[in-house]
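Thanks for coming, everyone. Please take a look at the sequence and the structure, and then I will walk you through them.

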Amino acid sequence: LQNAELGKRAPRWIRDNEVTMCMKCKEPFNALTRRRHHCRACGHVVCWKCSDYKAHLEYDGNKLNKVCKDCYHVITGCTDSEEKKKKGILEIESAEVSGNSVICSFLQYMEKSKPWQKAWCVIPKQEALVLYMYGAPQDVKALATIPLLGYTVDDTPRSADLPHSFKLTQSKSVHSFAADNEELKQKWLKVIHLAVKGETPECQNELQVN
């Protein structure tokens, strides 16, 4: 549909099986983001993060409907500064937080019994108690965030783990990480040990890892 017709006419819905990734942020529909949603304005298949907007659609009697971010902007005319306030926690761009972080680097990540996967991990200065996980350093959205406060750190790897690994546990949730070397692991632990107690490092600049 052309922009002028958005919300005025019902769109053609793209079928779920026609796409493997979100048509807005291009994130693949995998175990973490398996839910597929349709934008009620353009008919595109989007992930839950990109469908987190609502707009009044003319063709549906002006009822509030789930729409994607792009259609939301067109239909409501909402500007980016207003949008920033509505930005979800996962929507901070990786490059934005990596450039102003307490620490950032690639780590291997494992959840429950899933296989290890490489993730670009960042603890931003403005939120030094939250660990952001991205698929890659330039990704525009985080795959997940872990609020570190209250987690227990276990830095002794089991035989089945990768050598430079550590775990974060809190009641039933367990997150396993592994660094490429011991030095990098210790840098992460230094920050995480503070964060789980609600503290932030004084010497933030020393911990930039490229």
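Is Lys-49 buried or exposed? Lys-49 is buried, because its relative accessible area is 4%. The cut-offs are these: buried means under 20% relative accessible area, exposed means over 50%, and partly exposed is in between, with a 1.4 Å probe and protein chains only.

Two notes before I go on. This is a predicted model, where local features need pLDDT of at least 70 and side-chain atom pairs count only at pLDDT 80 or more, while totals for chains, interfaces and linings use all residues. Residues are numbered from 1 along each chain as its sequence is written, and side-chain values use heavy atoms, with hydrogens and water left out.

Back to Lys-49. Lys-49 sits in the loop between strand E2 (45-46) and strand E3 (53-57). Helices (H or I, at least four residues) and strands (E, at least two) are DSSP runs, numbered from the N terminus. What does the side chain of Lys-49 reach? It reaches the backbone oxygen of Ala-142 at 2.8 Å. The side chains of Lys-49 and Glu-27 are also joined, by a polar contact of 3.1 Å. A polar contact is a pair of N or O atoms within 3.5 Å; within protein, one must be able to donate a hydrogen and the other to accept it, and residues adjacent in sequence count only if both atoms are side-chain atoms.

Tyr-53 is in strand E3. Tyr-53 is buried, with a relative accessible area of 5%.

Now the whole chain. The protein chain has 4 helices and 11 strands. Of its 210 residues, 42% count as buried. Take the contacts between residues at least 6 apart in sequence: 47% of them join residues at least 24 apart. Contact means heavy atoms within 4.5 Å.

Next, the sheet. In what order do the 7 strands lie? The order is E8-E7-E6-E5-E11-E10-E9, in an open sheet with antiparallel pairing. The edge strands are E8 and strand E9 (152-154), and each pairs on one side only. From one strand to the next, the twist averages 35 degrees. Two strands pair if DSSP finds at least two bridges between them. In general, strands of a sheet pair through backbone hydrogen bonds, either parallel or antiparallel.

Zoom in on one pairing. E5 and strand E6 (residues 117-124) run antiparallel, joined by 8 bridges. Gln-108 stands opposite Lys-118 in E6. Helix H4 (residues 182-195) packs on the sheet, touching E5, E6, E7, E9 and strand E10 (165-170). The direction of H4 makes about 105 degrees with that of E5. Axes are lines fitted to C-alpha atoms, for helices over the stretch in contact, and angles run from 0 to 180 degrees between N-to-C directions.

On to the rings. How many aromatic pairs does the structure hold? It holds 5 aromatic pairs. Take Tyr-109 and Phe-177: the ring centres are 5.1 Å apart and the planes are at 45 degrees, so the pair is tilted. This pair links distant parts of the chain, with Tyr-109 in strand E5 (residues 101-111) and Phe-177 in strand E11 (residues 173-178), 68 residues apart. Tyr-109 is buried at 6% relative accessible area, and Phe-177 is buried at 0%. Tyr-132 and Tyr-134 form a stacked pair, 6.4 Å centre to centre with 15 degrees between the planes. Both of these tyrosines, Tyr-132 and Tyr-134, are buried. The cut-offs: rings of Phe, Tyr and Trp (its six-membered ring) pair if their centres lie within 6.5 Å; planes under 30 degrees apart count as stacked, over 60 as edge-to-face and the rest as tilted. Ring pairs also link Tyr-109, Phe-166 and Phe-177 into a cluster.

Ser-176 is in strand E11 too. Ser-176 is buried, with a relative accessible area of 4%. Leaving aside neighbours within four places in sequence, its contacts include Tyr-109 and Phe-166.

Last stop: Gly-135. Gly-135 lies in the loop between strand E7 (130-134) and strand E8 (144-147). Gly-135 is partly exposed, because its relative accessible area is 35%. Not counting residues up to four places away in sequence, Gly-135 touches Phe-106, Lys-118 and Leu-143.
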